[in-house]
Amino acid sequence: MRQTEADDPRYMGPLTSLAPPESNYVLHARPHDLYARPAFRAIVDPLFPPARLRSFRERTGVDLAEVDEAIVAHLGDGAYLIVARHERARDIVVAAGMRMQRVEVAADRPFVRRLGYLGRSLRELVAIGDDLLVLGVNAGPQVARLLRILASGRSPRGPLAGEDGVRLAAFHPRAPLRLYAPKPLGLPPDTGVGLLFARERAACVAIDPAGEHLNIWTLVLGELPPGAEANLRELFRSLGGTELGAAVGVDRALASLEVDVGEERAILNLHWPATALARGLRVLLVDELAALVDEPVFAE
């Protein structure tokens, strides 16, 4: 393992700025904070039992509950980029390279970097400084661009750099889980929801588990049609009346729904019972969510 060089590129700014500007969605989480919240644990513990998380830690060297901060940037067509603050970033990259069936690129300066196949998928792992771990899946151009920017000493401009992005980033910034949609959602225009959000430009959902509920705030930027507040309330009532909505507890969250529609923006707030959501997700998504943890992301 090579020693840290004093002149190695470092990055001290917000993780969201490391997401590619073309990202469709960016999930920003503080896992260590989330795992300390009983409402969050009520949801994730049945889906990701200790044995499964232990297996993931043994394969990857990453204890999800101890990660201070991370982002997942969705790029479309099966491509995504993950950045996490982890004190053993360099060790994790080197270990992943040793487990690759075929290593395409191995470098130690100015970044510890390994590119190769884990399973049938091409993975690229990079350590930025001592404590930033980057994983790219089908994101070679985006990773290369990010490393060029950091190596040159410039500051990256992520998807939240514009005026709308700044407003999204300032929306409940202390919430430990946020999902940014910095581009228009592009919903089908021939549906009621599509018409309602036809002029939507960007959105953010902030989630803060507290007590037995998830406090959920949503910011939608863009022009909404007349009567949007009533339409948004009706949308949630309709969802609560569906089999899927009832399964995940939408009907139990409806009483707390608050809607505020202003000039070119709407804000929604509700308190979602964690146990109701947990039961529904356990039935609907347990296989898919398990696959995310069991997938050979860092190692076979």
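Is Arg-145 buried, partly exposed or exposed? I looked it up in this predicted model: Arg-145 is partly exposed, at a relative accessible area of 30%.

**Entry 1: salt bridges**

I got 18 salt bridges for the structure. I went to Arg-145 first, whose side chain meets that of Glu-22 in a salt bridge, 2.8 Å from N to O. Glu-22 sits in the segment before strand S1 (25-29) and Arg-145 in helix H5 (residues 140-151), so this pair ties together parts 123 residues apart in sequence. Glu-22 is partly exposed too, with a relative accessible area of 27%.

Next I checked Arg-199, which forms a salt bridge with Glu-223, the closest N and O atoms being 3.0 Å apart. Arg-199 belongs to strand S9 (residues 199-210) and Glu-223 to strand S10, so here the linked parts are 24 residues apart in sequence. I have Arg-199 down as exposed at 54% relative accessible area, and Glu-223 as partly exposed at 39%. I also found a network: Arg-30, Asp-33, Arg-37 and Asp-208 are joined by salt bridges that share partners. Within that group I looked at Arg-30 and Asp-33, whose closest N and O atoms are 4.0 Å apart.

**Entry 2: the sheet**

I traced an open sheet of 12 strands with antiparallel pairing, in the order S4-S5-S6-S7-S3-S2-S1-S8-S9-S10-S12-S11. S4 and strand S11 (258-262) are the edges, each pairing on one side only. Neighbouring strands are turned against each other by 10° on average, direction ignored.

**Entry 3: helix H4**

H4 packs on the sheet, where it touches S4, S5, S6 and S7, and its direction makes about 35° with that of S5. Which residues of helix H4 (residues 89-99) are buried? I listed Ala-89, Arg-90, Ile-92, Val-93, Ala-96 and Gly-97. They span an arc of only 165° around the axis, so they lie on the same side of H4.

**Entry 4: cores**

The largest nonpolar core has 35 residues, and Ile-43, Leu-214, Leu-232, Leu-270, Trp-272 and Leu-277 touch the most other members. Among the elements supplying at least two residues each are helix H2 (38-47), strand S12 (265-273) and helix H11 (274-294). H2 gives the largest share, five residues. I followed Leu-277: leaving aside neighbours within four places in sequence, it contacts Ile-43, Leu-214, Val-248 and Trp-272. I also noted a second, separate core of 29 residues, including Leu-18, Val-143, Leu-146 and Ala-175.

Key
Residues numbered from 1 in each chain as written. Predicted model: local features only at pLDDT ≥ 70, side-chain atom pairs only at ≥ 80, totals over all residues. Heavy atoms only, no water. Core = buried A, V, L, I, M, F, W, Y, C linked by side-chain atoms within 4.5 Å. Buried < 20%, exposed > 50% of the residue type's maximum accessible area, 1.4 Å probe, protein only. Helix = DSSP H or I, 4+ residues; strand = E, 2+ residues; numbered from the N terminus. Contact = heavy atoms within 4.5 Å. Arc of directions from axis to C-beta. Pairing = 2+ DSSP bridges. Axes fitted to C-alpha atoms, helices over the stretch in contact; angles between N-to-C directions.
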